[in-house]
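Take a walk through this chain. Keep the sequence and the 3D view side by side.

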Amino acid sequence: MTTIRADLDGLPAYVPGRAVPGAIKLASNEVPLPPTAPVLAAIAEAAAGGNRYPDLATVGLTARIAQALGVAPERIATGCGSVSICQQLVQATCLHPEDEVVFAWRSFEAYPIVTQIGGATARTVPLTDDFRHDLDAMAAAVGPHTRLVMVCSPNNPTGTVVTRAELERFLVAVGPDVVVAFDEAYREYVTDPDAADGLALVDAHPNLVVLRTFSKAYRLAALRVGYAVASPEVATALRKVCAPFSVSSVAQAGAIAALDHADELLAACAEVVTERVRVRDALTAAGFTVPPTQANFVWLALGGRTADFAAHCLEHKVVVRPFHPDGVRVTVSTPAENDAFLDAATSFPG
């Protein structure tokens with residue numbers, strides 16, 4: 001008789017975007033460009049010391065992030081991608097099965113997974129009809145057992161953002177005793193001046209935790225580096241529940257080099273912004289429902305046609321990411337790859 005947790009049988013699996021030989025992969029929100037030469041050089045140099053354990057406390061990386069953001073190092077916690085930080089937040093805030101994690105749905109598919117792994121209870125709140133967080137409803141869902149709230153902006157997979165006014169009102173409504181994680185994995189692509197910037201609010205709200213990553217705009221998805229900006233108390237708790245040595249020496253070196261060369265890396269975001277407007281305009285003109293996006297992807301609200309659309313795109317050698325039964329998320333890539341997707345989408349027999 002085994003002692004494995006019975007509830008793991010019902011644990012939803014994290015579904016990565018498929019990679020199909022010979023097809024264009026637009027399923028994982030990856031940047032099509034590789035790391036820049038200086039970043040690759042730093043990665044190679046660090047790999048030469050692969051026989052040694054990495055810096056457990058990520059001191060150099062933490063200091064470099066703190067310098068870039070203008071915050072104290074003790075307010076930074078690093079992890080194996082921002083999804084790891086999400087799991088650390090559940091572990092740091094939830095102790096009993098009745099402890100609740102509140103998040104919108106549909107949102108980042110890792111939220112229900114890390115909640116269940118942490119032994120907590122998920123309480124989901126539907127998005128609005130325009131695919132945005134309903135923060136008033138989320139505030140109303142916060143109760144005596146709520147320990148953590150996840151807010152994703154831009155929201156994965158719909159691309160919509162929370163405004164500063166909305167977030168400020170939400171933080172007041174929730175109060176200071178519940179940790180609010182503001183997940184900004186796609187922050188570098190945001191151009192909406194009304195969109196909330198978590199870093200601008202974290203000083204005034206000690207319960208606010210800002211999550212960011214090097215996986216997207218910084219082109220280091222394979223190296224797995226994410227971080228949180230929080231109060232010293234919350235950051236300390238996150239470090240305590242972090243798996244030892246979870247951020248490799250190669251990842252630390254790559255992330256530091258990426259920050260050192262951020263101007264060159266982030267300059268490429270401008271093309272994504274231009275392309276996402278073009279792609280969305282073409283899709284809406286073709287009759288698809290596509291909300292405005294501030295990320296490096298678009299969301300097609302397809303409902304019951306989701307599976308058929310994904311299969312149709314695959315027949316045209318384009319891999320997209322279906323989320324049954326709601327819709328499809330498609331990465332905004334190079335103009336040529338975007339054209340291939342648009343050719344497939346506009347030939348879909350709707």
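The model is predicted. Its salt bridges come to 17. Three of them are described here in turn.

Start with Arg106 and Asp326. These two form a salt bridge, with the closest N and O atoms 2.8 Å apart. The pair links distant parts of the chain, as its partners are 220 residues apart. Arg106 sits in the loop between β3 (100–105) and α4. Asp326 sits in the loop between β11 (321–323) and β12 (327–331). Arg106 has 13% relative accessibility, so this residue counts as buried. Asp326 is at 32% and therefore counts as partly exposed.

Next, find Arg132 and Glu166. Their side chains meet in a salt bridge at 2.7 Å, N to O. Arg132 belongs to the loop between β4 (121–126) and α5 (135–141), while Glu166 belongs to helix α6 (residues 164–174). Glu166 counts as buried because its relative accessibility is 18%, and the cut-off for buried is under 20%.

Now turn to Arg212 and Glu184. Here the closest N and O atoms of the salt bridge are 3.0 Å apart. Arg212 is in strand β7 (residues 208–213), and Glu184 is in the loop between β6 (179–183) and β7. The two residues are 28 residues apart, and the pair links distant parts of the chain. Which partners does the network around this pair include? Salt bridges with shared partners join Glu184 and Arg212 with Arg187 and Asp197 into one network. Glu184 is buried, with a relative accessible area of 0%. Arg212 also counts as buried, because its relative accessibility is 8%.

Helix α4 (residues 110–117) pairs with helix α3 (residues 82–93): their axes come within 9 Å and cross at roughly 40 degrees. That angle makes α3 oblique to α4, because angles under 35 degrees would count as roughly parallel and 65 to 115 as roughly perpendicular. The crossing of α3 past α4 is right-handed.

Tyr53, Leu56 and Phe245 make a nonpolar patch of about 370 Å². Where does Tyr53 lie in the chain? Tyr53 is found in the loop between α1 (37–47) and α2 (59–69). Tyr53 has 68% relative accessibility, so this residue counts as exposed; the cut-off for exposed is over 50%.

Note on methods:
Residues numbered from 1 in each chain as written. Predicted model: local features only at pLDDT ≥ 70, side-chain atom pairs only at ≥ 80, totals over all residues. Heavy atoms only, no water. Patch = residues over 30% accessible without salt bridge, like charges linked within 9 Å, V, L, I, M, F, W, Y side chains within 5 Å. Areas by Shrake-Rupley, 256 points an atom, 1.4 Å probe, with all protein chains shown as cover. Salt bridge = Lys/Arg side-chain N within 4 Å of Asp/Glu carboxyl O. Helix = DSSP H or I, 4+ residues; strand = E, 2+ residues; numbered from the N terminus. Buried < 20%, exposed > 50% of the residue type's maximum accessible area, 1.4 Å probe, protein only. Axes fitted to C-alpha atoms, helices over the stretch in contact; angles between N-to-C directions. Parallel < 35°, antiparallel > 145°, perpendicular 65-115°, else oblique. Left-handed = near helix turned anticlockwise from the far one by under 90°.
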